[in-house]
Amino acid sequence: MSEAMTHIERGMAALSNEPVDRLLVSPLSMGVQRRLIGSGVTYREWAHDPKLFAQSFVEGYKTYGPDMAVGLMDLSVMAGDLGAHVRMDLENTPFVDEHIIHNPEDYEKLEVPDIRSGRSAVLLEGTKGFAQALKDDIICAGFVEGPLLALSQSAGAERLFMDMYTNPSAVHGALEVMTDYDAQMCEGFGKTGVAGLVWDYLWGNYSCLGDAEYHEFEVKYANKLNKLTLDNGMAVCVHNCADMPHLKTQVKDYKTSIYSMAWYPLNPDSPSATKVIEEGYADKCVMAGNIDPQLFIRGSVEKITKVASDLTKEVKTALCKRGLNSTFCISSGCEVPPDLTTKLENIRAVVDTVKKEGNLAC
Amino acid sequence: MANGFYEAMKRSGFSYETTASVKKYKCPYCGFEFSLVYARTFACQGCSEAIKGCPKVRCDKCDTEFFIEEMGHVHGKEQQRQISDHICNIVSAYHTDMGRTPNR
């Protein structure tokens with residue numbers, strides 16, 4: 001399908017709210033793209049081999065032609081390298097099944113690991129691989145856990161929340177270490193060639209933490225990391241699949257360039273694409289979302305095509321009403337499940353629908 | 001309980017029970033917003049039932065006690081049992097790790 005603008009032209013125009021030929025589109029398809037490599041690559045292999053990791057994004061670009069590539073591996077990379085036991089099934093997303101914090105003193109024992117080894121190194125090297133291959137074609141971004149998320153993976157969310165109430169100084173000490181770890185990762189990503197760095201600030205969620213709590217336990221650390229991101233030549237991007245995200249903080253206060261989010265229609269407080277645009281969050285930030293990732297497994301091609309089409313119409317209407325040109329990227333609300341049963345044709349259906357119907361003419 | 005948000009948190013490495021334990025709920029009597037973890041940390045401190053499978057939650061502000069099932073994001077007795085067993089194990093382990101008798 002030939003288009004009037006290249007992916008890079010379109011992406012740069014959207015970041016400046018300039019007119020575009022069509023809306024950006026980029027489902028968050030990462031691990032699932034290992035199935036495009038063609039040699040029966042398992043998830044476990046993909047998450048440990050930087051060459052396979054990089055190749056999956058190259059194949060994804062060649063197959064679907066999205067406007068962006070985001071190098072998310074999974075959310076247990078940092079916790080695993082800190083010493084937490086990570087369960088690595090053959091074909092499922094890894095997760096922490098043995099935490100490393102069992103009392104307040106354990107927070108003091110945390111040390112930044114060597115990012116040249118472990119899965120941190122795989123992530124950095126793999127990101128460099130796809131960035132070098134694709135950076136002239138599409139917007140490439142790295143992906144890393146924010147400090148509070150990484151600490152909650154290492155300690156267990158319940159224990160961390162209890163310690164936030166009863167041992168806040170111990171938690172803050174650990175968050176300083178996590179921030180140092182994230183800072184090293186940030187500097188590492190800066191050398192890969194990516195244009196942006198996506199921070200997963202998952203706990204910025206009003207259904208779990210209020211403003212005061214979130215500001216105390218993440219914002220001051222995130223501010224440091226966001227500044228470092230810019231200093232290392234990358235745009236600040238955020239992903240948060242919260243049901244009630246701290247949008248004012250994470251979009252406006254962080255001065256985020258691209259904000260990836262989800263929508264949960266059963267929760268009346270979960271903001272839809274229309275609400276997000278009407279409330280001004282897309283004025284200076286490219287908002288991305290919000291197709292239900294489960295549709296890529298459970299939905300038919302017809303169903304997901306209709307959802308993508310309806311979302312495209314909704315976004316075009318809202319952008320026009322707000323007087324905006326291009327600041328929304330049709331995407332999935334969270335990672336397209338890397339399961340073997342995920343329908344790859346659904347990824348193509350979303351991309352093709354937006355390419356066909358995403359032209360903006362107010 | 002298994003709506004899209006819970007699925008997303010599961011994919012992020014947090015079980016249904018963990019998500020339900022840290023999600024905030026508004027007390028229907030006084031409007032105070034708190035999570036089950038918060039309630040068990042403060043309002044239930046010292047209660048021996050807190051580690052014996054108690055199916056209730058107590059508001060730390062107005063001290064009203066009600067069943068976990070009445071929290072908006074927990075549905076039915078079976079989920080209530082899952083959550084209460086989960087949080088009781090968490091609280092028990094937390095206190096044991098600190099060298100304290102769990103029901104103190």
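Reader: Before anything else, what counts as a helix here?

Author: A helix is a DSSP run of H or I with at least four residues, and helices are numbered from the N terminus. In this predicted model, α8 of chain A covers residues 157-166, and Thr166(A) is found in that helix.

Reader: Is Thr166(A) buried, exposed or partly exposed?

Author: Partly exposed, because Thr166(A) has 15 C-beta neighbours inside 10 Å, while a buried residue needs 20 or more and an exposed one has 12 or fewer.

Reader: And how far is Thr166(A) from Pro104(A)?

Author: Their C-alpha atoms are separated by 9.8 Å, although the two residues are 62 apart along the chain.

Reader: Switching to strands. What order do they take in the sheet of chain A?

Author: The order is β1-β10-β9-β8-β7-β6-β5-β2. These eight strands form an open sheet with parallel pairing.

Reader: Which strands stand at the edges?

Author: β1 (24-25) and β2 (68-71) of chain A do. Each has a single partner strand, so one side of each is left without a neighbour in the sheet.

Reader: How many bridges join β1(A) to β10?

Author: Two, and the strands run parallel, with β10 of chain A covering residues 328-332. In that strand, Ile330(A) is the bridge partner of Val25(A).

Reader: What does Val286(A) touch?

Author: Leaving out residues up to four places away in sequence, Val286(A) touches several residues, including Ala14(A), Leu24(A), Ile258(A) and Phe328(A).

Reader: New topic, chain B. What is in it?

Author: Four helices and four strands. From the N terminus on, the elements run α-α-β-β-α-β-β-α.

Reader: What is its radius of gyration?

Author: Chain B has 13 Å, which agrees with a compact globule, because one of 104 residues would have a radius near 13 Å. The C-alpha trace spans about 40 × 30 × 20 Å along its principal axes, and buried residues make up 42% of the chain.

Reader: What is the mean pLDDT of chain B?

Author: The mean is 90, and 95% of the residues in chain B reach 70 or more. The model scores ipTM 0.93 and pTM 0.96.

Note on methods:
Residues numbered from 1 in each chain as written. Chains lettered and ligands numbered in written order. Predicted model: local features only at pLDDT ≥ 70, side-chain atom pairs only at ≥ 80, totals over all residues. Pairing = 2+ DSSP bridges. Rg over C-alpha atoms; globule rule 2.2 N^0.38 Å. pLDDT = per-residue confidence, 0-100. Contact = placed C-beta atoms within 7 Å.
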